[in-house]
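Reader: I'd like to learn how to read sheets, cavities and pockets in a model. Can you walk me through them?

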Amino acid sequence: MFRTFPWLAAFASVTLLLRFEAPISQADFKAGAAIVNITPPLGELVVGGFHPYPAEDVHDELHARCIVLEDGATKLAFVVCDNVGISRDVFDQAKSLIEKKFQIPMAHQLMAATHTHSATTARSTNMLVPEELSWYQRFLAQRIVDGIQMANQRLESAELGWGAVDEPSELFNRRWFVADEIDRRNPFGGVDRVRMNPPNVTLIRPAGPIDPQVSFVTVRSSKDQHPIAVLANYSLHYVGGVAGKSISADYFGVFAEELNQLMKIDSESKPFVAILSNGTSGDVNNINFLERGPKLEPYQKMRQVGQLIANRVHGAMQNVAYQKVLPLAARLSELTLKVRKPDAKLLEYCETVQKKPADEKPYHSLEKIYADRVMMQAKSPDEVKVPLQTFRIGSLGIAAIPFEVFTETGLEIKERSPFQPSFTMELANGSFGYLPPPRQHDLGGYETWLGTNKVERDASEKIVNQLMTMFGEMKE
């Protein structure tokens with residue numbers, strides 16, 4: 001079957017564990033929310049593909065959407081940004097300023113990217129190596145601080161509830177077993193067992209599952225029940241389909257706009273912030289490989305997906321039971337992982353690829369791009385520290401992982417978590433590439449290639465086990 005849930009022994013690679021203990025307060029639960037614009041100027045590079053291009057138009061603005069929660073003793077902050085992936089040092093700069101200005105501990109702040117492929121980069125050149133922040137990264141960090149300041153000063157007595165609803169129709173595992181060997185070639189001169197985003201070829205079966213669940217948290221005023229915020233989570237990659245060289249928040253932005261309309265929010269009334277975060281979608285997208293439909297007009301598909309998910313969440317919200325007293329808790333852990341390195345044979349092959357004449361037919365269309373990536377990774381540090389987080393909101397659990405996480409890993413976290421329900425945000429607190437489980441490493445494919453995946457083979461198992469330890473501490 002698609003999932004295996006190995007229970008591993010404790011490991012010694014945890015370098016730091018921050019614990020914040022606070023008694024459960026009976027004071028009024030409070031919440032505030034805000035949204036700030038993070039759209040870059042035209043001319044900045046859009047980096048969703050292998051060949052970045054300068055933005056020439058803005059179809060819809062990019063935002064950082066923020067929520068602050070407080071139970072009288074503990075304060076939590078959540079930020080979701082319209083971006084393909086954001087370096088840890090950008091988030092850490094914002095978190096440090098927020099901790100100093102508003103006394104919200106860095107361990108209590110979760111910041112994530114949506115993974116829209118129509119935005120300016122906020123990642124480092126080498127994800128594993130911190131570097132001086134670009135002007136846009138500094139701008140983004142400051143805008144996040146602005147958003148939390150606004151949400152914090154809007155705190156009011158509130159009540160919170162949560163729920164979930166299934167919507168499988170938009171989800172398709174993008175890794176397939178395919179028949180023809182030529183369709184499974186990799187950039188390193190070899191042949192994989194599976195292919196990511198296969199063309200019109202002979203398909204055998206998908207290599208992994210989907211997670212149809214749309215999880216959500218909804219917050220409203222306890223005084224007049226006006227909505228304050230909704231934070232939803234869906235395990236689907238970006239949808240795409242933009243026109244020309246345009247900036248767009250993809251279906252995440254459509255969701256926010258549609259939910260505002262469904263809830264009949266008056267823009268002149270009190271602020272309401274709708275947020276859709278990315279779940280564990282590293283191997284799942286919106287392409288039905290078995291029944292490919294007609295080509296759609298630009299933005300049509302992302303509108304369909306965003307509107308559908310908003311409608312599903314809005315319908316499920318009608319059955320939510322709200323609570324006024326909720327214990328809040330957070331854990332932050334830094335996990336040390338080994339960085340994957342090329343062996344001598346692979347280095348030699350990549351050097352040969354780099355020297356190929358431009359007019360020589362390649363073995364694989366991306367071989368020169370990956371030859372450069374392999375050389376860069378060979379010079380990277382031998383280890384990298386990655387931040388992991390868990391949050392408790394009443395009996396709800398949230399996990400945060402700074403990778404593009406496979407859906408089977410997200411399903412394992414949901415099943416093993418002592419908090420029910422639970423969900424996971426990917427690309428949270430950093431961006432360290434893809435995180436295939438060991439079983440998927442055996443199959444190969446784009447997400448497992450050296451340069452796409454950067455950390456040790458067993459990283460996903462170590463991460464899940466550490467998250468369970470952190471969840472367990474909050475349950476005690």
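Author: Strands (E, at least two residues) and helices (H or I, at least four) are DSSP runs, numbered from the N terminus, and two strands pair if DSSP finds at least two bridges between them. This is a predicted model, where local features need pLDDT of at least 70, side-chain atom pairs count only at pLDDT 80 or more, and totals for chains, interfaces and linings use all residues. Residues are numbered from 1 along each chain as its sequence is written, and side-chain values use heavy atoms, with hydrogens and water left out.

Reader: Which residue in strand 13 is the bridge partner of valine 178?

Author: Leucine 203. Strand 11 (residues 175–178) runs antiparallel to strand 13, and three bridges join the two.

Reader: Now the holes. What is the idea?

Author: Rolling a probe the size of a water molecule over the atoms shows where empty space is left. On a 1 Å grid over the protein atoms alone, a cavity is a set of points where a 1.4 Å probe fits but cannot get out; a pocket is an open set with protein on both sides within 12 Å along at least five of seven lines; lining residues have an atom within 4 Å of a point. Points join across faces, edges and corners, and a volume is the space filled by probe spheres set on them.

Reader: How many cavities of 30 Å³ or more are there?

Author: Two, in a search of the whole structure. The largest holds about 40 Å³, and its lining includes Ile67, Phe78 and Val217. Strand 6 (63–70) and strand 14 (213–221) each give that lining at least two residues. The lining has eight nonpolar residues, no polar and no charged (nonpolar: Ala, Val, Leu, Ile, Met, Phe, Trp, Tyr, Cys, Pro; charged: Asp, Glu, Lys, Arg; polar: the others, Gly among them). The second largest cavity, about 30 Å³, counts Arg65 and Asp82 among its lining residues.

Reader: And which element gives the most to the lining of the second largest pocket?

Author: Helix 3, with seven residues. That pocket has a volume of about 420 Å³. Of its 20 lining residues, Arg65, Gly253, Val254, Ala256 and Glu257 are the closest to the centre. The lining splits into seven nonpolar, six polar and seven charged.
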